[in-house]
Amino acid sequence: MHKKLSAPDSAIDYFKEISTWVSSVLDLDTLLELIIETATRTMQAKASSLLLLDQKTKKLYFKVATGEKKEEVMKYEVNLGQGIAGFVAEKGEPLLVPDVKKDKRWFKEISESIGFQTRSIACVPMKADGKVIGVVEIIDKEDGSAIGNEDMQLLTVFAELASLAINRAQKIEQVKKENRDLREEIGGKYQLVGESAALKKVISDAYLVANSKTSTLVLGESGTGKELLARLIHRAGSRKRKPMVVINCAALPEDLLESEMFGHEKGAFTGATSLKIGKFELADGGSIFLDEIGEMNPRIQAKLLRAIEEGVFCRVGGNTPINVDVRIISATNKDITKETEEGRFREDLYYRLNVVQIHMPALKERKKDIPLLANYFLDILKRERGALNLVISEKAMEKMIEHDWPGNVRELRNAVERAVVMGNKREILPEDLPIYERKTHFHGLQAGLTLKEAMDRFKKKFITVTLEHSNGNRSEASKILGIQRTYLSKMISRYDISGI
């Protein structure tokens with residue numbers, strides 16, 4: 001802090017050196033405030049501000065401001081090309097205006113509305129990777145003197161310092177995200193596990209649609225792994241280097257869901273103290289996964305439909321169209337066809353989302369995968385807890401295979417975790433599993449069915465189970481059933497048995 005600044009070049013190097021240390025301690029917002037406050041004091045300016053450019057709306061918004069009217073000015077936005085700041089951001093060149101009243105580019109509405117008298121302005125663009133990301137400006141000198149060229153040189157130093165801080169913060173965040181994604185992949189967080197014919201069919205379908213922009217609707221019971229399938233579709237396609245963003249439509253109330261999806265402008269509603277970028281903008285170029293789409297109310301359904309059809313939407317409280325290129329993957333555990341027929345879900349939106357439909361099988365339909373999944377979850381939990389010698393006993397595995405798993409893969413994972421925590425740390429026993437005996441019954445047998453209807457239900461179920469057991473091999477299944485393979489094929493067609 002004792003070096004002498006002899007020229008702008010040495011000042012830049014000096015400030016870079018300080019910035020590297022300071023930015024490792026302070027968050028970006030605090031660092032930008034420090035830079036602008038230092039610039040204001042150094043140049044003895046009445047007021048100063050840092051405005052960032054929203055690349056989607058092409059508007060400049062105040063990120064930092066100093067001076068007696070700093071709170072009031074933070075409420076405003078400036079269009080690209082509007083006023084001195086907008087002109088500098090558009091042209092990418094610094095501008096010194098000694099007398100704003102004589103300059104036709106001066107946008108006086110802000111100064112007049114907040115009651116701040118402005119005489120002169122110096123404004124310098126901030127750039128990162130050759131693109132303008134915002135501007136830094138100072139207004140008037142405290143002693144009444146004019147802003148001079150030496151002030152422009154110093155302001156350029158501070159603008160470059162702010163640009164470096166922003167660029168560095170963005171790159172650090174990108175590295176953090178890449179590291180998170182890498183850890184998740186290495187840890188198998190988003191892995192579909194299984195060898196059953198039903199799961200192989202689902203994975204095959206996922207790879208077929210991965211490289212298109214086609215909207216995909218994933219159906220299945222809760223806990224079957226619909227989000228995992230969506231992530232597989234994203235990772236296997238050409239958009240894999242862009243973000244995949246997840247929204248649970250059932251987790252948020254109507255007003256917050258709209259803001260979460262499309263973002264909001266500053267002041268759009270009570271509590272909207274700053275601009276918020278929505279998930280659709282964050283997913284630009286990538287994919288967005290809309291989970292529990294059947295829970296979305298009609299008003300937001302209408303806005304979503306427009307965003308899908310036109311690739312355009314407005315933030316809550318805004319009227320500037322924002323264009324995005326997003327691949328939609330949605331999911332629901334509801335009977336979405338019934339929801340549409342009964343008017344609770346828009347038919348036009350349903351057709352937009354349901355271009356390709358993939359059904360995630362319930363765990364009871366892929367019994368062959370239960371040992372693989374159980375040991376997969378056990379391996380993860382053993383690494384986390386250091387219980388490397390823990391195994392699943394034969395009787396415990398039999399109990400898991402016999403269970404119907406109404407909560408599907410999620411329930412199985414929780415059961416294994418509970419057994420690891422509560423067991424003897426050497427071997428998982430049947431009593432360690434939170435699985436309780438239930439009376440076996442056949443769901444097809446119920447009052448009101450004719451004998452033929454009951455028999456048809458039983459045959460369909462029994463053939464399905466046998467095919468699952470034989471991994472989809474019809475020759476093997478026909479031998480088990482004691483019928484000809486051609487007759488089995490006719491039964492499969494008659495009962496519309498698919499996915500095996």
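**Figure 1. Cavities in the predicted model.** Two cavities of 30 Å³ or more are present in the structure, which is a predicted model.

**Figure 2. Elements and residue types around the largest cavity.** Six elements are labelled in this view, each giving two or more residues to the lining of the largest cavity: the strands β1 (45–54), β2 (59–65) and β6 (131–141), together with the helices α3 (70–73), α4 (83–91) and α5 (109–114). The largest share of this lining is contributed by β1, with four residues. By residue type, the lining of the largest cavity comprises 15 nonpolar, seven polar and four charged residues.

**Figure 3. The aromatic pair F262 and F313.** Six aromatic pairs are found in a search of the whole structure. In the pair shown here, the ring centres of F262 and F313 are 5.2 Å apart and the ring planes stand at 50°, so the pair is classed as tilted. F262 and F313 are both buried.

**Figure 4. The aromatic pair Y376 and F377.** The rings of Y376 and F377 form a tilted aromatic pair, with 5.5 Å from centre to centre and 55° between the planes. Y376 has a relative accessible area of 16% and is therefore buried, since buried means under 20% relative accessible area. F377, with a relative accessible area of 10%, is also buried.

**Figure 5. An aromatic cluster.** This view returns to F262 and F313, shown here with F280. One aromatic cluster is formed by F262, F280 and F313.

**Figure 6. Arginine residues over aromatic rings.** R105 is positioned over the face of F87, at a distance of 4.6 Å from the ring centre. R494 is positioned over the face of Y495, at 5.9 Å from the ring centre.

Definitions and conventions: Residues are numbered from 1 along each chain as its sequence is written. This is a predicted model: local features need pLDDT of at least 70, side-chain atom pairs count only at pLDDT 80 or more; totals for chains, interfaces and linings use all residues. Side-chain values use heavy atoms; hydrogens and water are left out. On a 1 Å grid over the protein atoms alone, a cavity is a set of points where a 1.4 Å probe fits but cannot get out, and a pocket is an open set with protein on both sides within 12 Å along at least five of seven lines; lining residues have an atom within 4 Å of a point. Grid points are joined across faces, edges and corners, and a volume is the space filled by probe spheres set on the points. Ala, Val, Leu, Ile, Met, Phe, Trp, Tyr, Cys and Pro count as nonpolar, Asp, Glu, Lys and Arg as charged, and the others, Gly among them, as polar. Rings of Phe, Tyr and Trp (its six-membered ring) pair if their centres lie within 6.5 Å; planes under 30 degrees apart count as stacked, over 60 as edge-to-face and the rest as tilted. Buried means under 20% relative accessible area, exposed over 50%, partly exposed in between (1.4 Å probe, protein chains only). A charge sits over a ring if NZ of Lys or CZ of Arg is within 6 Å of the ring centre and within 35 degrees of the ring normal.
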